[in-house]
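Hello,

Here is the structure I promised to pass on to you. Have a look at it first, and then read my notes below.

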Amino acid sequence: MTTPLPAFNPQESAKFFFRHGHAGWLGMEYEDHGSDWVELKLPWREDLLGEEDRHVLASGPIISLMDMASGMAIWTTNKTFTPVATLDLRVDYQRPARERSAVIARAQCYRVTRSAAFVRGVAYDDHRDDPVAHMAGVFMTIGKDPRLAK
Amino acid sequence: MPNDHDTAQKGAGQLPIYARSLGIKLHEWEDNIPVLQVGFGPFVEGRPGALHGGATSGLLENAGYAALRARLQEEGRDPQLKPINITVQFLSAGKQKPTYAKGRITRLGRRNANVSVEAWQDERDRPIATAVMNILMADRAK
């Protein structure tokens, strides 16, 4: 891992990440990114409903989307793909997502220390200023930081 | 007083579509609280060989709702449950094996319930993740 690698690119990585596993099963899509944030989209899916009698997306997939967007925001901010583990993730639900709407999660990595990364974000279906949920999370670096190698 | 079999049948039937899609199942009943289980597979995989944090959260959340529904059923209540928030603590990586989760009602009020949930794999006393949830209980629209 000492060879310099190109900076982490969320758009390119998404093609790989969302092909398999939990993110692939949910059908996550890359939406947009900036220097310290990433937006991912979860298209509407009938089989992700949280209740029998209401056409409302379950909250679980929103957590998954936030978790994934957070990791990618951290890698985008750090410009490296160092494995991270979620330590603590909090989601506050403001309102149910609209029926048949895709949900977009925007996670921003607002602070990075040598071993921790702090993220915050929102999930929304229509406008970013009318969120479905707010999120705050702390992640730990689990891969070796090259600067610590003896 | 419904017997365990009846309660279990109803409880299992109440797992939401999302939970069933993810492969979450009722594992067993313990002290009138359902223990949910999810097997390892591509649907729940995050980093190669590890459980995705979102899948773990989904299991915890469903176990929390299941515990609350079971208790409400005992009390003859059937409100609509709405999530207020959830805080998940990830304690260790979930491995390629079944994961279980069970909730505990910390406080049951008239409008709000506070539920703690633990998820574990091999050893019950070494949870891989825990969660605290606040759930709003609203009267169903007639």
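Predicted model: local features only at pLDDT ≥ 70, side-chain atom pairs only at ≥ 80, totals over all residues.

Residues are numbered from 1 along each chain as its sequence is written, and chains are lettered from A and ligands numbered from 1 in the order in which they are written.

**The sheet**

The two chains share an open sheet of 12 strands, ordered E1(A)-E2(A)-E4(A)-E5(A)-E6(A)-E3(A)-E3(B)-E6(B)-E5(B)-E4(B)-E2(B)-E1(B), with antiparallel pairing. Helices (H or I, at least four residues) and strands (E, at least two) are DSSP runs, numbered from the N terminus. Two strands pair if DSSP finds at least two bridges between them. Strand E1 (29-33) of chain A and strand E1 (24-30) of chain B stand at the edges with a single partner strand each, so one side of each has no neighbour in the sheet. From one strand to the next, the twist averages 25°. For this and the other angles here, axes are lines fitted to C-alpha atoms, for helices over the stretch in contact, and angles run from 0 to 180 degrees between N-to-C directions.

**Where the chains meet**

E3(A) and strand E3 (residues 80-90) of chain B are joined by five bridges in the antiparallel sense. One position to look at is A:Arg90, which stands opposite B:Thr87 in E3(B). The contact draws 28 residues from chain A and 26 residues from chain B, where two residues are in contact if their C-beta atoms, placed from the backbone, lie within 7 Å. On the side of chain A that touches chain B, helix H2 (21-26), helix H3 (59-78) and strand E3 (84-93) of chain A each supply at least two residues. E3(A) gives the most, with nine residues. By type, that side of chain A divides into 13 nonpolar, eight polar and seven charged residues; Ala, Val, Leu, Ile, Met, Phe, Trp, Tyr, Cys and Pro count as nonpolar, Asp, Glu, Lys and Arg as charged, and the others, Gly among them, as polar.

**Strand E4 of chain A**

Seven of the 10 residues of strand E4 (residues 103-112) of chain A are buried, so the rest of the structure largely encloses this strand. A residue is buried if 20 or more other C-beta atoms lie within 10 Å of its own, exposed if 12 or fewer, and partly exposed in between, with C-beta atoms placed from the backbone. E4(A) pairs with strand E2 (residues 37-42) of chain A in the antiparallel sense over six bridges. In that pairing, A:Leu40 has A:Ala105 as its bridge partner, and A:Val38 has A:Ala107. E4(A) also pairs with strand E5 (residues 116-124) of chain A, in the antiparallel sense over eight bridges, and the two form a hairpin with three residues between them. There, A:Arg111 stands opposite A:Phe118 in E5(A).

**Chain B and its helix H3**

Chain B has three helices and six strands, in the order α-α-β-β-α-β-β-β-β along the sequence. Buried residues make up 39% of its 142 residues. Just after H3(B), B:Gly76 takes a positive phi of about 70°.

**Two loop residues in chain A**

A:Lys79, in the loop between H3 and E3 of chain A, has a phi near 65°, a positive value in a residue other than glycine. A:Arg100, in the loop between E3 and E4 of chain A, is not a glycine either and has a positive phi of about 60°. A:Lys79 counts as exposed, with 12 C-beta neighbours inside 10 Å, and A:Arg100 counts as exposed with 12 C-beta neighbours inside 10 Å.

Best wishes
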